[in-house]
Amino acid sequence: MNFKHDIVIVGAGLAGLRAAVECVEEADVAVVSKVLPTRSHSGAAQGGITASIGNEEEDHWEWHMFDTVKGSDYLADQDAVEIMVKDAPRVIYELEHMGVPFSRNKDGKIAQRNFGGHTSEYGKKPVKRACYASDRTGRVVLDTLYDQCLRHRVKFYQEHYVLSLVFEDKKCAGLITYDLSSGELNLIEARAVLLATGGCGRIFKTTSNGFASTGDGLNLAHRAGIPLMDMEFVQFHPTGLYPLGILVSEAARGEGGILRNSLGERFMERYAPTVKDLAARDVVSRAILTEVREGRSFEGGYVHLDLTHLGEKKIIERLWEITSFVRIYLGIDPVYEPIPVYPTCHYLMGGIPTDTDGRVLQDESDAIAQGLYAAGECACVSVHGANRLGCNSLLDTLVFGRRCGMAMKADISKIEHQPVSDEPLEKAKEMLAGLLYHKGYEKIDVVRRNMQSLMMDYCSVFRDEEGLKKELESIRSLKMRFNDVEIVDKGKNFNYELMEAIELGHQLDLAEVILLSALYRKESRGAHFREDFPVRDDTNFLKHTLVFKGQEVRYKPVVITRFQPEARVY
Ligand SMILES: Cc1cc2nc3c(=O)[nH]c(=O)nc-3n(C[C@H](O)[C@H](O)[C@H](O)COP(=O)(O)OP(=O)(O)OC[C@H]3O[C@@H](n4cnc5c(N)ncnc54)[C@H](O)[C@@H]3O)c2cc1C
């Protein structure tokens with residue numbers, strides 16, 4: 001079938017829905033999502049959204065900006081960070097007016113709590129900056145935005161999987177979707193296409209990410225010739241539930257939780273004497289794994305997150321969801337016993353390069369890819385640089401989702417629908433038939449597990465040249481094996497095996513891009529720690545990596561406005 005809209009948004013997480021709400025009154029807007037919209041990973045966000053509204057103690061956007069830039073290990077573009085942190089208070093009040101039920105403090109104001117790396121007076125002490133709704137912040141914001149979309153009659157193509165982007169005359173003119181419920185292919189033409197497809201944590205064996213976080217949008221753009229930026233920067237969250245990887249939000253430490261090794265020591269005092277357990281995530285993840293390596297962890301390689309001193313009332317009131325996870329999955333009650341934790345793959349700092357209005361950039365000279373936009377975790381504006389601070393991602397999705405919506409509604413008045421040939425639809429049909437009817441010996445699950453283990457072993461918290469090179473070879477041979485995958489289910493209705501095969505193709509491509517970016521960056525910065533180059537090297541590497549199709553690696557400069565790079569001490 002063929003459909004036509006002014007604007008098509010791929011992704012029903014916070015970035016996609018916020019953009020839709022922004023432009024729906026002035027344009028015909030559709031949202032495509034491979035999962036039911038409210039199942040998007042944004043709904044899993046627990047901790048909160050940062051804004052210097054100062055409801056608990058003095059705060060300023062300049063301090064928020066400093067922390068974000070320092071947290072990014074000076075790789076974030078400071079013009080973009082300034083836009084984000086200045087806009088943050090407006091975002092919170094807007095959400096409140098839309099109906100988000102934020103938790104309140106005793107004065108009846110929106111409550112705020114501590115989160116790692118957020119400080120007052122340029123690093124002097126932790127500050128309460130994260131606004132939250134218990135530990136269900138993402139859930140309530142996602143539901144509220146979804147309600148707003150329904151109210152404004154945004155058209156949803158739910159459980160439609162985007163197979164490819166359509167370019168005509170070098171301009172993005174729409175996309176091809178596969179309707180999971182019927183197995184039908186559709187061409188959706190559009191004057192503007194927004195990719196808001198989230199992250200790719202599922203490339204790694206241990207991850208906090210939902211099953212849908214397979215990085216499709218990133219690779220759709222890459223296959224269409226768009227470079228991917230700073231892909232070596234993959235964040236490991238220090239407190240994944242051992243051994244599952246499910247997230248125990250940083251809110252637990254924000255509320256006073258303490259990390260302890262097998263000797264009972266509060267080991268973060270050694271690694272970050274000022275902010276201790278509230279240091280940035282890359283710092284805490286490395287600290288935990290150093291404790292494990294040096295033999296001060298529990299058997300199996302984990303440490304303890306201790307909440308027992310917080311008391312039942314606080315734990316149940318503020319950390320209810322985390323508590324229920326721990327009780328259900330491990331049979332442990334955090335009110336009385338410490339929680340076993342270890343680092344889990346959590347967030348991709350890199351992504352599709354965009355300007356501060358979400359327009360996709362196609363090279364290091366910042367040339368714009370016509371008709372194509374990106375926002376949220378799949379985009380790289382870049383506000384998180386080499387390491388994202390907690391609660392800055394929901395903010396990023398909402399600030400830049402909205403700006404993208406504004407840019408698209410302004411731009412479409414200048415863009416006509418491009419006539420689209422039959423070719424993209426025919427190609428998609430061929431691709432599906434090729435996958436469905438190929439006789440092979442490999443299983444998706446086996447290739448995927450291999451990839452996930454390799455990424456974990458050689459490209460997670462600690463990396464070095466030997467491991468990265470070895471893994472690159474292994475991923476390339478897995479790509480060959482992927483070509484020999486056989487799909488058993490030939491059905492048309494909800495053929496998840498087919499969808500997973502397509503996702504695996506994206507994941508393998510992205511694994512290669514991540515490895516290449518990591519191999520070429522011969523320094524340590526933020527989440528990218530090279531054991532063979534353990535020091536940050538601003539002379540040679542204070543720059544963004546761009547990996548182009550065909551695996552060509554190029555660089556572009558970082559925008560530095562207010563804060564010159566300094567040593568990063570917490
Ligand atoms: C467990 C967890 C807790 C977190 N907690 C916090 C927190 O407290 N604070 C914070 O700031 N950040 C947090 N984060 C990070 C933050 O939640 C995410 O970065 C953010 O929500 C991403 O939003 P998004 O809109 O970019 O994408 P997502 O919410 O991931 O949505 C992606 C959308 O893209 C669609 N999609 C993808 N591929 C396709 C395709 N091929 N075809 C069609 N549709 C497609 C999906 O269906 C989905 O609708 C957390 C992340 C996790 C995993």
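Q: In which element is Gln452 found?
A: Helices (H or I, at least four residues) and strands (E, at least two) are DSSP runs, numbered from the N terminus. Gln452 is found in helix α13, residues 444–458. This is a predicted model, in which local features need pLDDT of at least 70 and side-chain atom pairs count only at pLDDT 80 or more, while totals for chains, interfaces and linings use all residues. Residues are numbered from 1 along each chain as its sequence is written, and side-chain values use heavy atoms, with hydrogens and water left out.

Q: Is Gln452 buried or exposed?
A: Buried means under 20% relative accessible area, exposed over 50%, and partly exposed in between (1.4 Å probe, protein chains only). Gln452 has 12% relative accessibility, so it counts as buried.

Q: Which residues does Gln452 touch?
A: Contact means heavy atoms within 4.5 Å. Not counting residues up to four places away in sequence, Gln452 touches Arg202, Ile203, Phe204 and Lys205.

Q: Where is Pro334, and with which residues is it in contact?
A: Pro334 is in the loop between α10 (320–330) and β14. Its relative accessible area is 0%, and it is therefore buried. Leaving aside neighbours within four places in sequence, Pro334 is in contact with Leu307, Thr308, Ile315, Thr323, Val326, Arg327 and Ile339. The C-alpha atoms of Pro334 and Leu319, 15 residues apart along the chain, are separated by 10.0 Å.

Q: Which peptide bonds are cis?
A: The omega angle is the value to read here. The bond from Tyr242 to Pro243 is cis, with omega near 5°, and Pro243 is in the loop between β11 and α6. A cis peptide bond also joins Val381 and Ser382, with omega about 5°. Ser382 is in the loop between β18 (379–380) and α11.

Q: What is phi at Asp230, and what is it at Gln551?
A: Phi of Asp230 is near 55°, a positive value in a residue other than glycine. Asp230 lies in the loop between β10 (228–229) and β11, and at 0% relative accessibility it counts as buried. Gln551 is not a glycine either, and its phi is positive, about 65°. Gln551 is in the loop between β19 (543–547) and β20 (553–557); with a relative accessible area of 35%, it is partly exposed.

Q: Where does Ser249 lie, and what does it touch?
A: Ser249 lies in the loop between β11 (234–241) and α6 (251–254). Its relative accessible area is 3%, so Ser249 is buried. Apart from residues up to four places away in sequence, it touches Gln46, Gly47, Phe115, His237 and Ile322.

Q: Which residues come nearest to the ligand?
A: A residue is near a molecule or strand if one of its heavy atoms lies within 4 Å of it. There are 38 residues around the ligand, and Ser40, His41, Ser42, Gly47 and Glu377 come nearest. For the make-up of this shell, Ala, Val, Leu, Ile, Met, Phe, Trp, Tyr, Cys and Pro count as nonpolar, Asp, Glu, Lys and Arg as charged, and the others, Gly among them, as polar. The shell divides into 15 nonpolar, 19 polar and four charged residues. Its largest share, four residues, comes from α11.

Q: Which N or O atoms of the protein lie by the ligand, and at what distances?
A: The distances are read from atom to atom. A nitrogen atom of the ligand lies 3.0 Å from a backbone N or O atom of Lys34. A side-chain N or O atom of Asp216 is 2.9 Å from a nitrogen atom of the ligand. In the side chain of Glu377, an N or O atom is 2.6 Å from an oxygen atom of the ligand.

Q: How many helices and strands does the protein have, and what share of its residues is buried?
A: The protein has 16 helices and 20 strands. Buried residues make up 64% of its 570 residues. Along its principal axes, the C-alpha trace spans about 65 × 50 × 50 Å.

Notes. Polar contact = N/O pair within 3.5 Å; in protein donor to acceptor, adjacent residues only side chain to side chain.
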